[in-house]
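Me: I would like to go through this model with you. Could we take the chains and their contacts in turn?

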Amino acid sequence: MSTSAFQNASIRFSTQIIKRLGEELNPSIDQSILELVKNSYDADATTCTVTLSNVSAEGGTVTIEDDGDGMDGSAIKNSYLVLGQSEKSFSKRTRLNRIPAGSKGLGRLAALRMGTAVELESVPLKVSNKLNKTKQKFAIKIDWNKFDSAKLVDDVIIRINSSKVSPSKSSSTTVSIKHLKNKVTERDIKKVARGLILLADPFDDDPDAFKPVLKAPEFKELEKLVTKRYFDDADYHLSAVLDKDGNASAEILDYKGKVLFKATHKEITVKRKNKKYNCPVTTFDLWAFILNSTSFSTRSTSLGEVKEWLNEFGGVHVYENGLRVNPYGNQGNDWLDMNLSRARSPEERPSTNTSIGVTRIRDSKGLLKQKTDRSGFIEDDVFHEIKNFCQDALEWMAKKRLEIAEKKRAKSREQTASESTNSKEKVKEQINKLRTNDRVQLVKAFESYDKAVQSQVNTLKAEVQLYRTLSTAGITAATFSHESNGNPIKVIKLNIDAIERRSKKFLVGRLEENQLSKPIGLIRRAINSLAVLGTATLKLLSNEKRRITRVEVHDIIKNTLETFTPFLNGRDIKLRTELAKGTPYLRGSEAALESIFTNLLNNSLVAIENANPSERAMLIKTEIQEDVLVLTVSDNGTGIEGIALKDIWLPGQTTNPNGTGLGLTIVRDAVMDLGGSVRANRHGVLGGADLIVELPIIGK
Amino acid sequence: MSVVLLDREINKIHVIDDDTDSRESYGLTVEEIEVETVLQNDRVDNIETFLLTIGNQDAVVSDHHLKKSSSYFPMNGANFISKCYDRHIPSVLVTKYEMASYHEIRPFKRNIPVVLTPEQFNPDTLVKALELCVAEFKGNLSQTRKTWKTLVRFDDVIRDDAGNKTVAMAILPSWNRNMVINLKMLELPHEIQEISEPDLRLYAQVNIDAEDPYELYFQNWEIIKK
């Protein structure tokens, strides 16, 4: 069978493609305008003016004028109007040695589709005729309505007109997008202004840099703010550099620009074991501010203006080859997880609200790829390496700042001790000046006073040491709880479930059911107990609970009892609760109330265990007496014997050989912090002790 | 080997967890519904590329915390499951709802129909959870997932030592006037963060038929003009 050519064909595109590509890729007005401004940058423009006319309603116009190299008819035809292909290449440089910023031309399409028509006029740098040196202006008009009514993209003809202009006419390009489909809100204008100001690294202070301008009052206000540059008010300036071989170095400077610390690659890369970074040359500068009125009291700038500046421009901005990459450093963008690190370990770490930073990447080989919708870089290995470099530098800075804080604390401790010795000497000197009789009396009195103070200091030292030991035990318990409560318990649970299901499915008739169900049940109970232990420890440690806020007392009691239920059940303790009607609340921290209640419960548990009654009982009762909540914890334990009632609240006083003697001291201190009081009955309603806490409440 | 959920056939389930033993344990449960189990043992660098490897007849089970080995996965499980939902890939998040991770999950909760705890995770709950996803892809949201315009009042706004706002303590009178929902500032849109102050009243779309505070999610915040 022979074949013969019937007809040639090619793949053609429906006009719907234009609509979809343009509108789905880049819908926001600020990003659309920035795409066109980047075209001006690529054309080596030094000025570029964006004008918004009648945009408060639909149908307005956006005009972008630049003094770049312009385009002739052929460039308009073969480059500007061709989508998906870019003349821009990372190996090429522009006349001003800029690395082109634009890419496939798709962003431009989205921008041009903001209205229903586009007018472009361009005067190229090159003369049209070298002999008579005439110059021409080229112009096109695009009517998008024609595309909407045509079937195929090729069906719409765009005419390129040319006209003569004076040879002295400078090169330029003006793009007007007319009959905007949407109105532009004040918020949009602010976003456009911010985008334009930040586009070409205003932090670099280069007078010849590309500085696009928006004709709008919002722009002037923001421009004023950005040029204020409060970098000198930063308490620390981190300056980190990554060279072409992937080696990092960094230094921390103080507000005077004096170097405080320097780091080599080895010190910065402790975590990655000295491994080199595999990414383009990058610098990372971060200015960290201590925003409190004390640190600003001696400065000429006010805390308020620095806060306003940071609020507008704070965060770490990224510049690739001199142009900003959205959205890094936008309000709410925390690409280096600075706020997370600060939340985990707040001391001496900056947040996006207390710092401003710039990451400048010189990517001459185009290793980094921006996402087509311009929402940042594709998060590949190269991007992660840059992120790692910045985060490692931040980590090093945090470590160094912590060292400074530690030194300050040590110095303050030394200073206090030496101040105390000096004061003592001064008192002795004064005493020696007195007459003999008075002197002897006073020396005696002072010596006795000094002894009492020393004894108090020693008690406090012992108490602090005890708290430290307990803190260490707490931290260790929390670490183990966290680890065991996570994966190991999860794995045991999932697998015991699988064993049970599979045994039911595959061992039917081969085993008596209880041969497996009993051991499975026992393992489950043991896991639950383990999980409760872990959860109880972790619940106490949540840092959210240490915030001062409105705390509902009954909620804390109920939640703590829920955690304690397995312990109480395991000890056969019958618990009765009689909570007052209403929801009494106070201003304090959940942690404080939990400390009070948990320690009272622990105290009762020990007392009951020591007395070992045949029926073990505990009663938790609350009463509201006007603005005071009275909480009573009663038990049928040993009661209070062999110790003065007031002494049970003192540290180190315990009848339990393994106890710390701190539980009730913590209760007393926490209650006093909340403005309340404590008391006790030796033998109360259930036969054992009643421990009574009175707390002022602000609502019921 | 496949399972049909409503009218959607699933023949492969991807399991993502940065802990090898946990991953394998989830895998053992998945095996029991007789679909192919794919344990994600290799590190994932690029989410977009990874999502391309998940087919039309695949589903996903993922843990929330994926950072034990920092290079295993580039985002947390909630964020990832949300991306799967956008692409109509049925997926289930498995995690213990701890206070610390609650605020990380809530911003993505619109796209996470079911969160299972490891205790709840078994072949039956897994199939039911995946079915719920498929139902939502067809536009059938359960009553507890539908949102309504709701008044939200900030009872208090907490600040850190540097004076930065960190948490808004929100009360939703039409849901439970006695319960405070702690919303981290990072969960809120920037314009709401800026004006956050005690006693601020706002509107938001919230699924107020949800019983559990962990199930709540907030969308379309609106400032009430005075």
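Me: How many helices and strands are in chain B?

Reply: Chain B has seven helices and twelve strands; helices (H or I, at least four residues) and strands (E, at least two) are DSSP runs numbered from the N terminus. Please note that this is a predicted model, in which local features need pLDDT of at least 70, side-chain atom pairs count only at pLDDT 80 or more, and totals for chains, interfaces and linings use all residues. Residues are numbered from 1 along each chain as its sequence is written, with chains lettered from A and ligands numbered from 1 in the order in which they are written.

Me: What share of chain B counts as buried?

Reply: Of its 226 residues, 35% count as buried. A residue is buried if 20 or more other C-beta atoms lie within 10 Å of its own, exposed if 12 or fewer, and partly exposed in between, with C-beta atoms placed from the backbone.

Me: Now the sheet in chain B. What is the strand order?

Reply: The order is β10-β9-β8-β11-β12 in chain B, an open sheet of five strands with antiparallel pairing. Two strands pair if DSSP finds at least two bridges between them.

Me: Which strands are at the edges?

Reply: Those are β10 (177-184) and β12 (218-223) of chain B, each of which pairs on one side only. The twist averages 40° from one strand to the next, where axes are lines fitted to C-alpha atoms, for helices over the stretch in contact, and angles run from 0 to 180 degrees between N-to-C directions.

Me: How many bridges join β11(B) to β12(B)?

Reply: Four bridges join β11 (residues 201-206) of chain B to β12(B), and the two run antiparallel. Within this pairing, B:Leu202 has B:Ile223 of β12(B) as its bridge partner.

Me: Switching to chain A, which strand does β8(A) join?

Reply: β8 (residues 236-242) of chain A is joined to β11 (residues 281-288) of chain A by seven bridges, running antiparallel.
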